[in-house]
Amino acid sequence: MSGLSLRLHCTGEADFRLRLDCELPAAGITAIYGPSGSGKSTLLDCIAGLRRPGADSVVRFRDEYWQRPGSFVPTWRRRVAYVFQDARLFPHLDVRQNLHYALRRRHRDNGIGLQQVISWLQLDELLAHDPGALSAGQGQRVAIARALLSAPDLLLLDEPLANLDHTASQQCIVQLRQLADELDLPMLYVSHDIEEVSQLADQLVLLQDGCLVARGSLLELCSRLDTRLSQEEQAAAIVIGTVARHDPEFCLTELAVEGQPLLVGGNSHATGSTRRLRIPARDVSVCRQKPADSSILNILPVVLSDMQNDGASRVLLRLQLGSQFLLARITRKSAADLQLQVGDHLFAQIKSAALLMESTDTGE
Amino acid sequence: MSLSTTELDAIYLTLALATITTVLLLILGTPLAWWLSRQRAQWPAIIEAVVAMPLILPPTVLGFYLLLLFAPDTALGRAWEQLTGSQLAFSFSALVIGSVIYSLPFVVQPLQSAFQRVPHTLLDAAATLGASPLDRFRSVVLPLSRRSFVTAASLGFAHTIGEFGVVLMIGGNIPGETQVLSIALYDYVESLRFDEAHRLAAGLVIFSLVLLFLLYRHDRRDNWRVQA
């Protein structure tokens, strides 16, 4: 079964143009990432049919044409659900009625059940409330529940966490990730927050000025030097490791990344479970010899696979660790002093590494 | 003090006219108001202007043109007579048609502004949940404009009851057929029967006051609830 095939030409306000010709996977969470004004929301609107792109545009989902020259399937007949930045709950209905609204009009009969959604998103307490009485986080949870209950084949999310505080958005991220894993529901997730994206996404699509810049797996794209991602101040590599053991004495947890030990803050993840780690480029430095008496715990042997100037004074390094990659941002002077060459064997000193979705397991 | 047959007839006729007119206005005014509320182009402003005309035109002007239009020798008059077997001018049907036109702005304007206030974002959300256009209107637009429907219906009803000029021009003054309360009152005054005139006038004042009080109270309560 193929995915979502798009050929879009769309002209918007103030000279904005969206021009895309690509095939997106219809599985897992695909993040659409780019600065504001890059066309992310316009892209979702075209997929949902809320906006009509130029007449020669094509939108095909699996084997069904939602738009092609001469035909346009209206939004309500496309089996998509949409979670907007504002929850858009119906103000004349309470939470329960909002959920029933979706349930009565669901796109398929064999969708997820009401009780399951209510318990997943912890809505029991909220059912009798009016939307006006909900906090932003609660409202967005109801909106996600409502979208799921319409039993879509594709879930579109447009910066659903933008109005939420940190705790609420972490909670939503955890829930979305679980839903994606358990429901086998493909999601397109628009965001301009790289942290959100790195916690959630399986694949990444980079948009800029209405054009697709790059796409691929999150891990690959995050460590590439030729995209905007690595040039951002908070650029970070994502690596995957397995929880090896816990050290209660120092309150640390050891992960195995490509056979190398990596220590992070103590947590209660089950040993043997696979975790994502985010390692910011600015927190990684390199040296030729393994320092013997450093305060830095994580020093890993790596191979310099690529390097690129990052502004006038800095250099961005791509470091290979087994089959995965780290990013390091150092000064251009250091790179010159160390006479760094691609292929050099180095040691990466990692000052900080954060487990993603830390809050998932606090209750487990 | 009991009401005469003429007066009872006039009351019945007035209420029937107002009720039928209001029902027709809601049936015709709702789609018109919805259509007007969705137009972004400039030209529908001419339709809005035509709808609003009865607000400023002397009712006699409207009545005069309708009288000419309803005459038995016009296309409309002839068609009506062939279809129904009776003439249109000076009939109850003519009153209904005149009242619908005369009270149209009182129904269309509140509905149109209510429809414009319904956020299109909610309609988009409903569409993504699988609601067809008609379903969206029924399940989102109608409940969110409920208040304005009450306002529109009440204003249309009350305004029809208060109608005089148009009725005078196109209805004539046939007791039991086209003589509504305002005309009966006029008759009494013309023939210096002030006691009867007082009865009808006071009755209309009280009725209008009660109706408007109920309407504004309903508005107030709802306003309050929306804010709460």
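How many residues does the contact take from chain B, and how many from chain A?

Modeller: Keep in mind that this model is predicted. The contact takes 13 residues from chain B and 18 residues from chain A. On the side of chain B that touches chain A, two elements give two or more residues: helix H6 (120-128) and helix H7 (133-144) of chain B. H6(B) supplies the largest share, 6 residues. By type, that side of chain B divides into 8 nonpolar, 4 polar and 1 charged.

Another helix of chain B is worth a stop. Helix H4 of chain B covers residues 75-84, and of its 10 residues the number buried is 1, so H4(B) lies largely in the open. Just after H4(B) comes Gly85(B), with a positive phi of about 80 degrees.

Now to the partner, chain A. Chain A holds 9 helices and 21 strands. Its C-alpha trace spans about 65 × 50 × 35 Å along the principal axes. For 364 residues, a compact globule would have a radius of gyration near 21 Å; chain A has 23 Å, which agrees. Of those 364 residues, 43% count as buried. Take the contacts in chain A between residues at least 6 apart in sequence: 66% of them join residues at least 24 apart. The domain assignment gives chain A domain 1 (4-222) and domain 2 (276-354). The C-alpha centres of these two domains lie 37 Å apart.

Next, two sets of strands in chain A. Strand E7 of chain A runs over residues 80-83. Val80(A) and Tyr82(A) point one way from E7(A), while Ala81(A) and Val83(A) point the other way. All four are buried. In a regular strand, side chains alternate between the two faces of the sheet. E7(A) pairs with strand E8 (residues 154-158) of chain A in the parallel sense, over 4 bridges. Within that pair, Tyr82(A) stands opposite Leu156(A) in E8(A).

The other set is an open sheet of 5 strands in chain A, in the order E14-E13-E12-E15-E21, with antiparallel pairing. At the edges stand strand E14 (260-265) and strand E21 (354-355) of chain A. Each has a single partner strand, so one side of each is left without a neighbour in the sheet. Strand E12 (residues 236-247) and strand E13 (residues 252-257) of chain A run antiparallel and are joined by 5 bridges. There, Arg245(A) has Glu254(A) in E13(A) as its bridge partner.

Terms used. Residues numbered from 1 in each chain as written. Chains lettered and ligands numbered in written order. Predicted model: local features only at pLDDT ≥ 70, side-chain atom pairs only at ≥ 80, totals over all residues. Buried ≥ 20, exposed ≤ 12 C-beta atoms within 10 Å, placed from the backbone. Pairing = 2+ DSSP bridges. Domains from an automatic or database assignment. Contact = placed C-beta atoms within 7 Å. Nonpolar A, V, L, I, M, F, W, Y, C, P; charged D, E, K, R; others polar. Rg over C-alpha atoms; globule rule 2.2 N^0.38 Å.
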